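Let's take a friendly walk through a protein model. Have the sequence and the 3D view ready as you read.

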Amino acid sequence: MALTVVGPVELPKEQSDVFVPPPEVVTTPCDPWPRPYYLEVGLRKVQPYHYTYNTYCKERWRGREILDVFSTEFRDRPLDYYKDAIECGKVVVNGKKVPSVQHKVMNGDIISHTLHRHEPPVTAQPIGVVHEDNDMIVINKPAGVPVHPAGRYNYNSIIEIMRAERGHQWNPLPCNRLDRLTSGVMFIAKHAKAAAKLTDQIMGRTVKKEYIARVIGEFPEEDVICDQPVMQISPKLGLNRARASGKDAKTIFKRLAYYPPPRRTTNGESAKPEDTRSDKDKERDSHMSWKSKEGYSIVRCLPLTGRTHQLRVHLQFLGHPISNDPIYCNQRVFGPSLAAGDALSDDDLEIISKLSKMGKSEIAEAMAYHDEMIEEYNKRKAEKMTGQKCEVCDTPLYSDPGPHELGIYLHAKRYACQDGTWSYETELPEWALPPPGVEGPTATKGDTDPIALVDGVDQLVLGKKTCNGDVIGEHPRQSGPLLVMPG
């Protein structure tokens with residue numbers, strides 16, 4: 001058998017792992033300390049400063065042109081600003097300037113945007129402390145201050161204000177979330193273990209919550225249950241609506257007080273205030289169903305689920321929106337009916353278009369104030385673009401917000417553990433107290449506590465009487481009837 005001689009065989013060398021460095025990231029030019037706060041006319045303001053946003057390419061951005069991403073995902077700057085920022089290198093991808101505004105972003109890209117940041121003012125009202133121990137701080141959050149840095153807000157947030165008060169290295173850990181416009185009870189953990197414990201209780205639905213709202217018109221005396229599903233319509237605008245295809249949502253409402261409009265006294269007898277409207281105004285108002293709802297009500301709200309804007313959406317659906325809600329009580333957005341009882345209309349795109357204009361060319365306002373003089377004053381004071389521009393960055397400047405824009409009439413009054421281990425609450429906010437010279441409740445009472453409804457709400461026995469789609473039922477733990485609004 002013949003043998004063939006071959007040369008030495010070289011085995012393939014094992015390839016060593018090649019380190020691929022991560023994309024370059026532009027870092028924020030400075031982190032000012034102390035924070036550049038100053039107080040002016042009841043507002044906490046922040047001196048403008050340079051700041052760099054860094055974000056990974058989100059899945060929905062993949063393969064899209066960078067200008068398209070900025071123009072559709074962000075709304076605080078005009079399209080021309082983003083185009084110029086990309087072309088001059090204020091916006092970069094992986095630390096490098098892109099060749100054109102048509103550059104497509106890909107998975108793994110880091111997009112950086114450096115700008116001269118202008119934060120909106122917030123109220124100068126201090127953050128109240130309801131309770132503090134070694135694990136937790138329970139605060140009374142002022143209305144109009146966001147919890148976390150987000151959007152146009154950074155240092156003007158609960159997190160950063162508390163850090164400025166307690167030290168740069170202090171790391172507050174919020175355990176529950178309140179909308180920027182909402183005030184009330186919030187839990188700030190001092191360490192991760194305490195945060196995890198309370199978060200588990202909230203997620204496990206063993207924590208019961210009670211809110212206070214001030215709504216237009218005379219709210220029903222009966223306890224009301226609304227279980228209309230809630231759907232997010234526009235994440236960008238924070239818009240939600242009552243929709244049959246939305247997520248399950250349920251709220252119990254209980255009226256605390258009703259305050260009719262002020263009456264003029266004639267010879268000791270009450271009389272309706274004189275109607276000074278013109279014929280044109282009367283004709284206009286005849287098409288506005290909410291205009292016929294006199295006075296306002298203070299309502300206790302018990303959410304059994306935790307959908308975004310759940311209370312605001314449910315109150316709008318019931319025909320009693322929060323009276324200074326710039327979204328859900330805005331006739332320019334929702335029309336004369338303010339979307340009362342509307343869970344089926346297909347006008348979402350029109351609503352989104354109208355709402356997107358608020359605060360830019362138009363004033364963002366609620367269209368139903370109980371006091372017409374205050375309404376006119378607030379219209380003039382509302383935050384909108386002034387027509388002026390920053391001398392440093394040419395950014396259009398906003399006016400200071402009016403008092404009504406610093407918050408809405410919605411307050412998280414009480415949080416309580418279901419097993420009775422703990423309970424924290426605040427006093428009624430000023431706007432929920434009786435008007436001067438009028439008698440009314442100045443506190444909630446335990447014997448009419450809506451939180452007591454929770455244990456028995458699933459045992460509700462529905463009655464047979466139906467009126468306009470409303471089902472009347474009797475609750476085994478309450479003497480008064482419940483008005484159930486079916487989803």
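We will look at a helix and then at a pair of strands.

This is a predicted model, where local features need pLDDT of at least 70, side-chain atom pairs count only at pLDDT 80 or more, and totals for chains, interfaces and linings use all residues. Residues are numbered from 1 along each chain as its sequence is written, and side-chain values use heavy atoms, with hydrogens and water left out.

Start with helix α4, residues 192–203. Helices here are DSSP runs of H or I with at least four residues, strands are runs of E with at least two, and both are numbered from the N terminus. The expected span of a helix is 1.5 Å times one less than its number of residues. For the 12 residues of α4 that gives 16 Å, which agrees with the 16 Å between its end C-alpha atoms.

Which residues of α4 are buried (under 20% relative accessible area, with exposed meaning over 50%, partly exposed in between, using a 1.4 Å probe and protein chains only)? They are Ala194, Ala195, Leu198 and Ile202. These cover an arc of only 100 degrees around the axis, so they sit on the same side of α4; the arc is that of the directions from the helix axis to the C-beta atoms. The face turned away from that side carries exposed residues, including Lys193, Lys197 and Asp200. Just after α4, Arg205 takes a positive phi of about 60 degrees.

Now find strands β14 (residues 230–234) and β15, which pair in the antiparallel sense over 4 bridges; pairing requires that DSSP finds at least two bridges between two strands. Met231 has Arg241 in β15 as its bridge partner. In this hairpin, with 4 residues between the strands, Gly238 takes a positive phi near 70 degrees.

In a regular strand the side chains alternate between the two faces of the sheet. In β15, Leu239 and Arg241 lie on one side and Asn240 and Ala242 on the other, and all are buried.
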